[in-house]
Amino acid sequence: MGKSVVVKNLTKRYKLYSNNKEKLKDIFLPRNYGEAFYALREVSFEAQHGDVIGFVGVNGSGKSTLSNIIAGIVPQTSGEVEIDGQASLIAVAAGVNGELTGRENIELKCLMLGFNKNQIKELEPSIIEFAELGKFIDQPVKSYSSGMKSRLGFAISVNTDPDVLIIDEALSVGDKAFAEKCLVKMNEFKERGKTIFFVSHSIGQMKQFCEKGIWLEHGEIKMVGDINEVMPAYEEFLADYKKMSAKEKKAFQEAGLKKRSDPEFAGKV
Ligand SMILES: Nc1ncnc2c1ncn2[C@@H]1O[C@H](COP(=O)(O)OP(=O)(O)OP(=O)(O)O)[C@@H](O)[C@H]1O
């Protein structure tokens with residue numbers, strides 16, 4: 001099989017400012033302002049060709065940050081990501097320009113992926129057919145619903161044959177028929193030995209589609225393993241979390257916030 005993605009000690013640190021004045025001071029004055037916040041901290045794992053890995057975790061745990069870094073859309077603060085081939089991210093907000101039409105977005109994205117004009121001409125009909133956007137294909141993307149944007153992103157990504165496919169919540173905004181069509185396509189990718197990362201809050205989709213799971217909590221890996229081990233543990237946590245009182249939930253979130261904001265870095269990043 002062989003490794004397709006190696007993630008080593010991946011850390012993403014943002015700076016949080018209490019107001020715009022502080023941000024401006026940070027840009028223009030020699031002293032540093034703002035507080036450090038770790039969206040991800042020291043995340044390491046490996047994926048083999050053909051792996052289908054689900055990222056789970058509650059809101060804010062770091063799933064999208066990890067997806068965006070693997071896809072090369074957001075730079076990491078430190079750590080490494082090695083990818084054997086080309087990665088493509090499908091997310092509702094990813095990579096589509098609202099001012100351009102669907103067709104123009106297809107052309108732009110394909111050019112960015114390194115296809116030439118003739119190859120794009122050949123690819124375009126299958127992408128348009130898959131997206132099923134009708135006459136909206138020639139309307140600016142800003143007039144699309146989130147489901148329509150997801151259709152466009154999905155159609156481009158699956159038809160340009162990436163080696164690593166990252167799907168971040170893109171299935172949850174489309175309708176059922178389109179989601180099923182995407183699942184068929186994703187299964188084809190799986191059979192062809194491509195690596196897929198899948199982010200979804202749907203426990204059912206996770207169990208149905210993924211073989212391995214990575215559970216993120218407060219920007220760190222809580223558990224990695226077979227999906228049949230990770231999901232029951234995560235579901236147990238969710239059930240316990242649901243039972244928590246508002247005070248307990250707040251304490252859990254605050255503990256996470258404390259862990260993720262390192263006072264040693266305050267003003268130094
Ligand atoms: N540009 C940014 N500046 C500051 N903090 C950010 C930025 N982007 C993300 N974060 C923070 O990083 C943390 C991880 O966010 P991320 O979107 O990766 O979580 P997630 O697990 O995908 O959440 P969800 O399930 O809600 O989509 C959050 O606390 C978020 O507020």
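How many bridges join strand 3 to strand 8, and do the two run parallel or antiparallel?

Author: Strand 3 and strand 8 (residues 212-217) run parallel and are joined by four bridges. The model is a predicted one, in which local features need pLDDT of at least 70, side-chain atom pairs count only at pLDDT 80 or more, and totals for chains, interfaces and linings use all residues. Numbering starts from 1 along each chain as its sequence is written. Strands and helices are DSSP runs numbered from the N terminus (E, at least two residues, for strands; H or I, at least four, for helices), and two strands pair if DSSP finds at least two bridges between them.

On its other pairing, strand 3 is joined to strand 7 by four bridges, again in the parallel sense. Phe55 takes part in both pairings: its bridge partner in strand 8 is Ile214, and its partner in strand 7 is Val199. Val199 is also the bridge partner of Asp168, within the parallel pairing of strand 6 (residues 164-168) and strand 7 (residues 195-199), which extends over five bridges.

These strands belong to an open sheet of six, ordered 5-6-7-3-8-9, with mixed pairing. Strand 5 (87-91) and strand 9 (220-226) stand at its edges with a single partner strand each, so one side of each has no neighbour in the sheet. From one strand to the next, the twist averages 15 degrees; angles run from 0 to 180 degrees between N-to-C directions, with axes fitted to C-alpha atoms, for helices over the stretch in contact. Helix 5 (residues 146-159) lies across strand 5 and strand 6, at about 160 degrees to strand 5.

A residue is buried if 20 or more other C-beta atoms lie within 10 Å of its own, exposed if 12 or fewer, and partly exposed in between, with C-beta atoms placed from the backbone. Both faces of the strand are covered, with Val52, Gly54 and Val56 on one side and Ile53 and Phe55 on the other.

The largest nonpolar core has 60 residues, and those with the most contacts inside it include Ile166, Ile167, Ile196 and Phe198. Such a core is a set of buried Ala, Val, Leu, Ile, Met, Phe, Trp, Tyr and Cys residues joined through C-beta atoms within 7 Å. Ile70, also among the residues with the most contacts in the core, touches Val5, Val81, Ala87, Ile166 and Phe197, leaving aside residues up to four places away in sequence. Contact here requires C-beta atoms, placed from the backbone, within 7 Å.

Turning to the ligand, its shell includes Gly57, Asn59 and Gly60, where a residue is near if its C-beta atom, placed from the backbone, lies within 6 Å. Helix 2 gives the most to this shell, with three residues.

Note on methods
Two residues are in contact if their C-beta atoms, placed from the backbone, lie within 7 Å.
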